[in-house]
Amino acid sequence: MTVELSTSYMGLQLRNPIVASPSPLSHTLDGVRRLADGGVGAIVLFSLFEEQLREQALRNAELVDRSTESFAEALDYLPAIAREDTGPHAYLSLLERAAGAVEVPVIASLNAVTPDGWSGYARSMQDAGAAAIELNIYYLPGDPRISGPDVEQRHVEVLQHVKDAVGIPVAVKLSPYFSSIGELAQRLDRAGADALVLFNRFLQPDIDPELLAIVPSVNLSAPAEGRLPRTWIALLRGQVDASLAATTGVEVPADVARYLLAGADVVMTTSALLRHGPGYASTLLDGLSTWMARKGFHALEELRGMLAVSAEGDQAAFERAGYVSAMRAANAGAYVPW
Ligand SMILES: Cc1cc2nc3c(=O)[nH]c(=O)nc-3n(C[C@H](O)[C@H](O)[C@H](O)COP(=O)(O)O)c2cc1C
């Protein structure tokens, strides 16, 4: 039995639902080519960070200051300063070359936490050939005076600025740390988000007690971390017009199947590709096809969202029922931790 894996994601036609999420694997053109050759349906490039854009803006301001002394002299500075830049220019150059080099859509990723000052870069990404933009709003409100509604409003404004700047689809990659994910998802949906990517995974630094220092730490995910995004995808399916992308915790084909059954339009992966190499996408796809054939599914539409929570249902009861039955099973001795 042959199965059909093609699908659409925020209006983009993809050959299959596996998407390479941002990681160092897309830092070079060769890396992007290897991801495409590995079989993924689309590639999201690593993020261009707002901080890099600010550095660029500072350089530009420096240029303007110098130009007040002598405009002709400033024109001489421009190419030199632009050549020194390894941030936005290098990113846009890679994006342009990548979009021209591979058959699958290349999505640019912009890491932004403030609404102003950089949305012009979103337009540059569009001009460089990005099929879409993924807004990676990686924001940890460390200042305890910032209120929850302020944080949410910031997300909506960042999205609105980018939507105003471009005509290509815009996805928002969210963290799971909100009081009401559902309400925020619906606000972003109304503000024009073409996709919601659930969830970002914070690379939290840790404390080294020997060095008495804070040290950066990058850990790859474990499959169990997929349960939280999966729960929210199951809850949001049918509640928003935006496409739903799953990210976190895909290690084996069954994890892809789980996300699709919950209602994901596409399933993203980074940790598995870092662990096993870009060619691992074809292992995930082969496993997905085998599972679909075994279960009698011909196409993704037949299974996508099969285990989502009905939009008419009681969402709180779904979560509560899961909790209560898990606790009952644990108390009945099904789970013995010691
Ligand atoms: C080393 C590394 C670098 C990453 N860089 C980015 C990035 O630049 N932008 C982004 O949105 N996410 C980034 N991520 C997050 C991944 O795209 C992904 O959302 C996350 O790792 C969860 O998926 P996984 O469980 O398949 O790894 C990075 C993750 C890792 C491990």
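**Entry 1**

I began at P22, where a backbone N or O atom lies 2.8 Å from an oxygen atom of the ligand. I kept in mind that this is a predicted model. T270 came next: one of its backbone N or O atoms is 2.9 Å from a ligand oxygen atom. For S47 I looked at the side chain, which has an N or O atom 2.6 Å from a nitrogen atom of the ligand.

**Entry 1: around the ligand**

Which residues come nearest to the ligand? I found 17 residues around it, with P22, S47, S221, G249 and S271 coming nearest.

**Entry 2: the largest pocket**

I then turned to the largest pocket and noted about 710 Å³ of space in it. Its lining is made by 30 residues, and P22, S23, R201, L203 and T270 lie nearest the centre. I looked up which elements give two or more residues to this lining: they are strand 4 (42-49), strand 12 (266-269) and helix 10 (271-276). Sorting the lining residues, I got 13 nonpolar, 15 polar and two charged.

Most residues other than glycine have a negative phi, and most peptide bonds are trans. With that in mind, I noted the peptide bond from L198 to F199, which is cis, with omega near -10°. F199 sits in the loop between strand 8 (195-198) and strand 9 (206-208). L212 belongs to the loop between strand 9 and strand 10 (213-215).

Last, I checked the confidence: the mean pLDDT of the chain is 87, and 81% of its residues reach 70 or more. Over residues 63-85 the pLDDT is below 50, and I noted twelve contacts in the model for this stretch beyond near neighbours in sequence. Where pLDDT is low, the predicted coordinates should not be read in detail.

Key. Residues numbered from 1 in each chain as written. Predicted model: local features only at pLDDT ≥ 70, side-chain atom pairs only at ≥ 80, totals over all residues. Heavy atoms only, no water. pLDDT = per-residue confidence, 0-100. Contact = heavy atoms within 4.5 Å. 1 Å grid on protein atoms, 1.4 Å probe; cavity = no way out; pocket = protein on both sides within 12 Å on 5 of 7 lines; lining within 4 Å. Points joined across faces, edges and corners; volume = space filled by probe spheres on them. Helix = DSSP H or I, 4+ residues; strand = E, 2+ residues; numbered from the N terminus. Nonpolar A, V, L, I, M, F, W, Y, C, P; charged D, E, K, R; others polar. Near = heavy atom within 4 Å. Polar contact = N/O pair within 3.5 Å; in protein donor to acceptor, adjacent residues only side chain to side chain.
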